[in-house]
Protein chains: 2
Amino acid sequence: MFPMRIALAQVNPTIGDVAGNTDKALSFIDRAVEQGAELVVFPELSVIGYPPKDLLLKPSVIDQCAGAVDRIAQHVQSAAVIVGYPMRSRKPDGAPLHNAAAVCRDGVIVGHRFKHLLPTYDVFDEHRYFEPGRQVDLIDVNGIQIGVSVCEDLWAAGEHFERRLYHDNPINQLAAAGADLFINCSASPFVTGKHELRMAIMRELAREHGLPIVFVNQVGANDELVFDGNSCVVGPNGDVLAHAGDFQEDLLVGDVPLRRGGPSVPSRIETSREGVAAVYHALVLGLGDYCAKCGFDSAVLGLSGGIDSAVCACLARSALGPDAVTGISMPSRYSSDGSKSDAQQLAEALGVTYHTIPLEQPHQAMERTLEPYFAGTASGLAEENVQARLRGVILMSFSNKFGSLLITTGNKSELAVGYCTLYGDMAGGLAVLSDVPKTLVYEVARWINTEACPLFAACGGQPIPLDSIRKPPSAELRPDQTDQDSLPPYEVLDQIIDRYVEREQSVRQIIDETGYDGDLVQRFVRLIDRSEYKRKQAPPGLKVTGRAFGFGRRMPLAMRHEP
Amino acid sequence: MFPMRIALAQVNPTIGDVAGNTDKALSFIDRAVEQGAELVVFPELSVIGYPPKDLLLKPSVIDQCAGAVDRIAQHVQSAAVIVGYPMRSRKPDGAPLHNAAAVCRDGVIVGHRFKHLLPTYDVFDEHRYFEPGRQVDLIDVNGIQIGVSVCEDLWAAGEHFERRLYHDNPINQLAAAGADLFINCSASPFVTGKHELRMAIMRELAREHGLPIVFVNQVGANDELVFDGNSCVVGPNGDVLAHAGDFQEDLLVGDVPLRRGGPSVPSRIETSREGVAAVYHALVLGLGDYCAKCGFDSAVLGLSGGIDSAVCACLARSALGPDAVTGISMPSRYSSDGSKSDAQQLAEALGVTYHTIPLEQPHQAMERTLEPYFAGTASGLAEENVQARLRGVILMSFSNKFGSLLITTGNKSELAVGYCTLYGDMAGGLAVLSDVPKTLVYEVARWINTEACPLFAACGGQPIPLDSIRKPPSAELRPDQTDQDSLPPYEVLDQIIDRYVEREQSVRQIIDETGYDGDLVQRFVRLIDRSEYKRKQAPPGLKVTGRAFGFGRRMPLAMRHEP
């Protein structure tokens, strides 16, 4: 058997833009054919983009997708194309759609393959829309028997997970049916460390069956989810034979050997970023795509002089360019001189537009307005929140007036325990750091100042003032306040959050495994529960950990529970 | 066969409060046994409350539930009890839990029955947590073969729906296995008109199989969902033999005949409210339970003089009592005298606390603060929103200072097209009317003023000023503004919303079926799409229609779609 020349079309679709996504698919196909590709493979549901969510409930949208696949099929003559789309089930009962991959050639759709394993956990809701595929059949392309699977179908093997969620293993079934080659159309979102896991699973499967795997993943960000791309070809020996770029569109054409020992000529292999670098690029792509796909060409954010807003400003400059970013410092009577100068220094280093808007006038006016009703009460949270909310009013006015996205700068640690003000610092269109724990914010800040030099060459290489990184974090809503007046050290808090939120441990387990003070764990876990009402109204945030607040964590608000 | 004396324990559990819910279950069991019940039936998942959402992912919570069912089993000796709870699957693969009904007697659990049909649409996410039951087996209680099903298992028959979602029909299977009696443990949320449908389905099933059905539904509100109760017994001839109260806890004990022609003595039959009355009671229960279960004993809301805030004030007074409600009028330079006097008249009629807090001072201070940056731009939305957001700051200050729930007063029509200000009038903890279209708000207002007299006896029977009902609705954010400057008449807008949101019609279909102007339909449908980012950050709202914004409608934000 000769190798097969396959093109991995790692596209960044816009959700719902069926016509635009199809135009893009046609241009990728043309480029692939020019490079001699016999088969062009697109990601899961690439015609509509992943995740399309409840757009899938609109019959007219499903009709548009069917029309788009016809258009693609009619376009291709010399190569075969595999493209993902939502397809109406032909059965009279069950869920109305399949998560399908259509195989097109010679102007028509020659076959379909339906996703078997429908993830319905975390951010995934596939049983809401799709009927699982049950047939195991191969698709013949130029005499090669191709075993097509869709995303989760690759993840059935239980050994990497706490529990085997599925009863079947579609990859094993395709191998047993006599596949020469596995193709997997994916829309597998970024999570720190996940691509390493993907590669381990694919290498094992390839070696186990002695067959190559072509993995084509979506790239680009859609709301909370960033797709990292990282499409690749793993050879029958488990070697990586081709690897597309991460966090960008790519068209990777390679010759895929069809059995162990067959000719194996590695084609282009791009490096996949890991660790903090991957987080940084995921956040930049997440912010950039949210702006691009919502139609924002500028962003505004509050600059407090602290580390969260500094990191957000760097991300915004990287995603949108300096001319598109406005930073606003809104000092109150409690703001330190250091905070004001740190904010200004950052803005100057980044070359973004910068305003200082003192809060005192509206703050005083609001205090006078409320004074008759609050007389005799102790000043506290209500008064602190007024400042944060007046800042929200100012920032939203800029957003409304100039059509800029307001970037919410809070981190995951604050959001977890509600150390943030609803309609105040929580205001905004995208919470860029809401899945980044404070300890990781520090790592990202240090990475920006040390590793990201070429990105910030004009800033002298260290855009974030060292003072913003070194000084004790503070909300500066009352005199001499620091975060650690109310919170444990962030190393401890982030451990509690990781265990309670990501790992679903109980208070008892956390205490036993960490040795932390029992009252402290109990208090902050309860605070995490009780802050759910704030998170309910938080802007969408970019997911980078295994469990983000937001769409993938669905907690009741009115509840009473023994954690 | 003698009739069987069965107790329908229509309880209102608090989500996650396993210990408290179990205490309540034991007291219902004791009362039922006193009345000679042989069998006591609780709703679906009643030990943890429905919907428990991602609490189900916490192993410690599942352990607590198992312990609670053991406690219930040990408590009962003379009667059998059927109680719903999440139970760990004993299989090595598949979803980790079953949505189970345990049958307890003589101090032990004698059997389990797992839910077969797992709703995974709208507000339901059951495939996220549960493995479907597949066995069809009856449970023997005193020689009677009981066919136990859980909620959705009753709804398999396709004729009432557009599509048969399920391949099996558990009720038919139980009948074929030889059941003497159907028991259905439910947590079936309120939607206008749904109980009529439930009754039709149950009457048909009872008649078809010649067997009685005992339907035990949860009552009470949990976040967005209101459960109406309405538990009942339908005899083998399809007659209603017993019917519990709606929107309240109830323990209904009745003798259930076991075959067609058997002795049939109807026990207590309460009237089930319909139409606007049901909506009113659902909203009062929804608001009252949200407060009770979150620990609020008072509420605050802005009173604009308009109909939405007037209806909300009536609901709050009904749910919490006059002493627990504070209404705040915040007139701006654009507020009409009529609005101010209507707000005051309403507050006086309801006997709630009332403040007038003029907005002018903070409004001017904020204008002066922003003036240098907005100089030379035309006054528009940004300026209008400042007023709405300053009102939000004032109301949230009251909420924070006095620990009162801020009630968000906007209706579904506004929320649909984004005719509302994020962090302004959208601020609050519960959006009581967010699933009530404006035309239905008018009906509720008229119902309050005409039918609800006993509820508002102290208000002279017509608490809502007629002027609030009759005058053209206005946001009063600029001079002489009315809603219809920007929106079509609400009768038209609500038709468009119903067709696009609830029925998933396309623009083409709406135009064809209504004859509305094409540009108008296109414009407002696009406005619905484009306002998703506001709804993403909206407070939870009480669902009363077939499709509410919120948890049951999951739309992408960054998208471009041909509606």
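This is a predicted model: local features need pLDDT of at least 70, side-chain atom pairs count only at pLDDT 80 or more; totals for chains, interfaces and linings use all residues.
I'll start with the pair. Rotating by 180 degrees, with 0.0 Å of shift along the axis, superposes chain A on chain B, and the RMSD is 0.0 Å. The two copies are thus related as by a two-fold rotation axis. Both copies use the same surface: 100% of the contact residues of chain A recur in chain B. Which residue of chain A comes closest to the rotation axis? That is Gln537(A), with its C-alpha at 2.1 Å.

Next, the inside. In soluble globular proteins, nonpolar side chains tend to be buried together. Here the largest nonpolar core has 369 residues. Val41(A), Val41(B) and Val214(B) have the most contacts inside that core.

Take Val41(B) and look at what it touches, leaving out residues up to four places away in sequence. The list includes Ile6(B), Ala7(B), Leu8(B) and Ala9(B). It also includes Ile82(B), Ile183(B), Cys185(B), Val214(B) and Val216(B).

Two of those contacts, Ile183(B) and Cys185(B), bring us to strand β8 of chain B, residues 181-186. Is β8(B) mostly covered or mostly open? Mostly covered: six of its six residues are buried. In a regular strand the side chains alternate between the two faces of the sheet. In β8(B), Leu181(B), Ile183(B) and Cys185(B) point one way, while Phe182(B), Asn184(B) and Ser186(B) point the other way. Both sets are buried.

Now the neighbours of β8(B). On the list is strand β7, residues 144-150 of chain B, which runs parallel to β8(B) and is joined to it by five bridges. Val150(B) stands opposite Cys185(B) there. Strand β9, residues 213-217 of chain B, is also parallel to β8(B), again with five bridges. In that pairing, Asn184(B) stands opposite Phe215(B).

Last, a helix. α11 of chain B covers residues 438-450, which is 13 residues. From first C-alpha to last it reaches 18 Å, close to the 18 Å expected at 1.5 Å a residue. An α-helix has 3.6 residues a turn, so residues three or four places apart point the same way. The buried residues of α11(B) are Lys438(B), Leu440(B), Val441(B), Val444(B), Ala445(B), Ile448(B) and Asn449(B). What covers them includes α5, α6, α10, α12 and α14 of chain B.

That is the end of the talk.

Terms used. Residues are numbered from 1 along each chain as its sequence is written. Chains are lettered from A and ligands numbered from 1 in the order in which they are written. A nonpolar core is a set of buried Ala, Val, Leu, Ile, Met, Phe, Trp, Tyr and Cys residues joined through C-beta atoms within 7 Å. A residue is buried if 20 or more other C-beta atoms lie within 10 Å of its own, exposed if 12 or fewer, and partly exposed in between; C-beta atoms are placed from the backbone. Two residues are in contact if their C-beta atoms, placed from the backbone, lie within 7 Å. Helices (H or I, at least four residues) and strands (E, at least two) are DSSP runs, numbered from the N terminus. The expected span of a helix is 1.5 Å times one less than its number of residues. Two strands pair if DSSP finds at least two bridges between them. Copies are superposed by least squares on the C-alpha atoms of residues with pLDDT of at least 70 in both.
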